[in-house]
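I hope they are handy to read with the structure open beside you.

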Amino acid sequence: MTVVVLNSYSGADALSIEQRPVPTLGRNEVLVKVAFAPINPSDLATLTGYYGFKNPTPIVPGGEGSGEVIAAGPGVMASYFLGKRVACTGWGIGGGVWSEYVVKSVKGGVLPLNKSLSLEQGALSIINPLTASAFIDISKKGGHKSILLTAAASSLGKMVNRLGQSEGIQIVNVVRRDAQVDILKAEGASIVLNSNDEGFEQQLNDVCHETNTRLAFDAVAGSLTNQLLKAIPNNSKVIVFSALSREAVKASPKLLIFENKRIDSFWLGPWISKQGILKTMLLWKRAQKLIPSHLKSDIRKIYPIQEVKEAISDYKNKMTGGKILLRMT
């Protein structure tokens with residue numbers, strides 16, 4: 001089988017295409033013939049060893065994908081998935097999904113896809129849709145009617161905006177370019193600020209106080225985190241869920257101590273594991289229904305697996321222009 005291999009944590013240049021034998025199955029494991037897999041920011045972080053786990057190389061990258069279960073190991077649960085179209089994660093057993101075939105545990109490694117969903121959308125149905133769902137769930141549980149979001153023109157940001165609008169939650173969007181302001185405005189976003197504009201900090205402060213925005217989700221980290229902390233009212237919180245800046249979070253002790261502002265974190269895998277099986281399946285069922293609308297991803301281009309380096313370069317050059325998929329066969 002054809003596999004993308006990361007030989008060292010030095011970026012896309014360390015990737016190679018290899019031929020490996022199709023893996024064997026254990027109990028409650030299934031063999032997925034992978035159809036498509038996206039390139040996500042977390043995948044770029046993985047290539048440089050910046051993601052949450054760093055296994056010894058060589059490794060197979062790829063955080064999520066879609067395909068069909070063509071073989072099942074021993075166990076009733078495994079046999080249930082045989083012949084089904086699934087979304088699969090790059091976590092746990094089997095590793096990443098940038099591979100023609102991958103072995104996954106049925107206990108969290110695969111999720112059944114609705115018949116109405118294409119395999120292209122199915123490949124994008126776990127990370128961003130469930131993260132957006134989690135943000136809205138966290139916001140509603142905290143009684144928040146308004147939230148702040150950075151990197152808001154991303155695929156995830158668009159999903160959060162659509163869900164927020166449907167749930168009556170105001171999104172205060174922060175982007176980096178005027179073109180991204182236009183993108184979100186065209187999708188119905190009412191508040192979009194450019195962090196590179198003169199007077200951005202004052203604008204953000206005014207909006208956060210006017211809308212009583214006390215919860216922020218930050219994808220950038222670095223100095224922007226401190227700007228968010230300064231802008232939100234006292235007794236508020238910033239949740240850091242990514243580090244697109246590749247910089248350490250910066251925060252003034254004055255804001256943390258005297259204004260009782262807090263910094264928290266979010267990582268989808270651990271958050272899902274705390275929800276329990278029932279709630280997880282309910283979230284998944286709801287996300288599946290919403291993927292054709294609120295949780296849909298725009299797909300800009302599909303590359304064959306052999307052109308993974310070109311695909312990564314394309315994605316890095318235009319990360320808000322739609323998702324890039326790898327086609328495995």
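1. Strand 3 and strand 6 (residues 101–105) run antiparallel and are joined by five bridges. To find this pairing in the predicted model, start from E29, whose bridge partner in strand 6 is S105.

2. Strand 3 also pairs with strand 4, again in the antiparallel sense, and here there are six bridges.

3. Strand 15 (residues 323–327) is another antiparallel partner of strand 3, with three bridges between them. For this pairing, look at A37, which stands opposite L326 in strand 15.

4. How many residues of strand 3 are buried? Strand 3 covers residues 29–38, and nine of its 10 residues are buried, so the rest of the structure largely encloses this strand.

5. Now follow strand 4 (residues 64–72) to its pairing with strand 5: the two run antiparallel and share five bridges. Within this pair, G65 stands opposite C88 of strand 5.

6. Strand 5 is joined to strand 7 (residues 110–112) as well, by three bridges, and these two strands run antiparallel.

7. Is strand 5 largely enclosed or left open? Four of the five residues in strand 5 (residues 85–89) are buried, so the strand is largely enclosed by the rest of the structure.

8. Turning to the helices, you will find S155 in helix 5, which covers residues 155–167. The relative accessible area of S155 is 15%, and since buried means under 20%, S155 counts as buried. If residues up to four places away in sequence are set aside, S155 touches N128 and K323. K323 falls within the residue range of strand 15, 323–327.

9. T280 belongs to helix 11, made up of residues 276–290. With a relative accessibility of 16%, T280 counts as buried too. Which residues does T280 contact, leaving aside neighbours within four places in sequence? They are I272 and Q275.

10. Stepping back to the whole chain, its secondary structure comes to 12 helices and 15 strands. Buried residues account for 52% of the 329 residues. Among contacts with a separation of 6 or more, 68% are between residues 24 or more positions apart.

11. As for overall dimensions, the C-alpha trace spans about 60 × 40 × 40 Å along its principal axes. Does the radius of gyration point to a compact globule, or to something else? A compact globule of 329 residues would have a radius of gyration near 20 Å, and the chain has 20 Å, which agrees.

12. Finally, the surface and the charges. The chain exposes about 14,600 Å², of which 53% is supplied by carbon and sulfur atoms. Its side chains include 38 positive and 26 negative ones, and the centres of these two sets lie 7 Å apart.

Notes:
Residues numbered from 1 in each chain as written. Predicted model: local features only at pLDDT ≥ 70, side-chain atom pairs only at ≥ 80, totals over all residues. Heavy atoms only, no water. Rg over C-alpha atoms; globule rule 2.2 N^0.38 Å. Buried < 20%, exposed > 50% of the residue type's maximum accessible area, 1.4 Å probe, protein only. Contact = heavy atoms within 4.5 Å. Areas by Shrake-Rupley, 256 points an atom, 1.4 Å probe, with all protein chains shown as cover. Lys, Arg positive; Asp, Glu negative; His and termini not counted. Charge placed at Lys NZ, Arg CZ, Asp CG, Glu CD. Pairing = 2+ DSSP bridges.
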